Amino acid sequence: MTTEDFSQLAKIYGADIKRWPEEHRPMIGDLATTQFTTMRQILDEELALDALLNQDCIAPASPALLDSIMQSAPQTKLAKHNAYFWQNSHWLNNTFKALGFTGIGLAGALTGMLIVSVMSSHLMVNNNELTVAEMVDFGQDWR
Amino acid sequence: MREQDPDADLLPRIAAGDQAAIRQIVVSKLPRLLALGVRMLNNRAAAEDIAQETFVRLWKQAAQWQSGEAKLDTWLYRVALNLCYDRLRSHAHIAAMQLPDDATQEQIDPTLTPEQRLALSQQGVQINAALSLLPTRQREALVLQYYQELSNIEAANLMGISVDALESLLSRARRNMRALLIEKGVTS
């Protein structure tokens with residue numbers, strides 16, 4: 001390898017020799033024993049460009065993109081069945097709604113019954129407390 | 001002898017809907033596919049569309065995958081690059097200089113002052129803009145070999161050219177990038 005070859009490779013692959021094709025790397029050591037300073041200058045020039053290129057960093061994928069890709073992926077038969085069931089279960093939703101209304105109605109009726117029962121038992125107690133004289137009208141004439 | 005594809009075992013599992021395998025492939029491949037798109041198109045939204053479409057095609061392909069034919073990485077790159085080329089050919093893509101988004105700024109060292117962060121972020125934008133001004137084949141060569149860290153043989157194969165032709169493109173790409181960055185005042 002000559003310094004021209006070395007310079008050519010640096011202009012193609014940059015200053016990081018680890019990025020160079022493997023077949024060229026063993027020859028670099030031999031050249032370095034005699035041309036180290038020249039090689040350093042060549043690499044420094046490319047290093048400046050590499051440093052700038054490395055400043056172009058890309059932000060990671062958003063969770064929304066990740067979710068969207070995951071949702072587009074195939075699903076197991078069971079998962080597909082479950083997804084289909086829940087997506088198409090309007091009848092189930094309607095049943096739950098109907099049950100909800102019925103439940104509210106039943107609760108109202110039970111509350112009403114309870115109130116009536118409490119009130120009437122209260123009246124009964126009052127009736128029991130009346131004296132015989134109060135309950136029976138003996139008439140004025142009898143006195 | 002053909003090199004064993006480390007992802008080959010995941011494909012039948014993906015086809016069967018194994019969510020762990022699907023997540024594994026998305027987490028490992030998405031960052032590179034996204035970066036490829038952003039650098040090829042200089043447009044993050046378009047790059048996200050391309051990454052998503054590449055995975056949709058993978059889901060469709062997974063059941064018919066013939067192991068031993070192509071490595072998954074090579075296949076993904078080929079699909080994504082073709083989609084990038086479609087986008088570049090269409091008028092929908094506008095290769096305009098974009099303002100740095102918040103996500104890009106978050107990538108920069110948080111210990112820097114806001115002024116330093118802004119300066120670095122703007123420099124990153126200038127570099128991305130300079131990249132977008134390169135001729136498409138030079139940009140593709142630089143993105144695949146330098147940023148995606150593919151070997152020269154892999155990059156040349158993906159581009160359908162010889163290693164010599166790839167090296168010629170890389171050399172011109174670096175020379176042009178240097179000239180563009182000097183012109184933009186990013187370097188002297």
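Two residues are in contact if their C-beta atoms, placed from the backbone, lie within 7 Å. The structure is a predicted model, in which local features need pLDDT of at least 70, side-chain atom pairs count only at pLDDT 80 or more, and totals for chains, interfaces and linings use all residues. Residues are numbered from 1 along each chain as its sequence is written, while chains are lettered from A and ligands numbered from 1 in the order in which they are written.

**Residue B:Val163**
- B:Val163 touches B:Asn152, B:Ile153 and B:Ala156, leaving aside residues up to four places away in sequence.
- B:Val163 lies in helix H9 (residues 163-183) of chain B, where helices are DSSP runs (H or I, at least four residues) numbered from the N terminus.

**Helices H7(B) and H8(B)**
- B:Glu140, B:Ala141, B:Leu144 and B:Gln145 in H7(B) meet B:Asn152, B:Ala155, B:Leu158 and B:Met159 in H8(B).

**Contact between chains A and B**
- Chain A contributes 26 residues to the contact and chain B 40 residues.
- Helices H1 (3-13), H2 (25-53) and H3 (63-71) of chain A each give two or more residues to the side of chain A that touches chain B.
- H3(A) supplies the largest share of that side, 5 residues.
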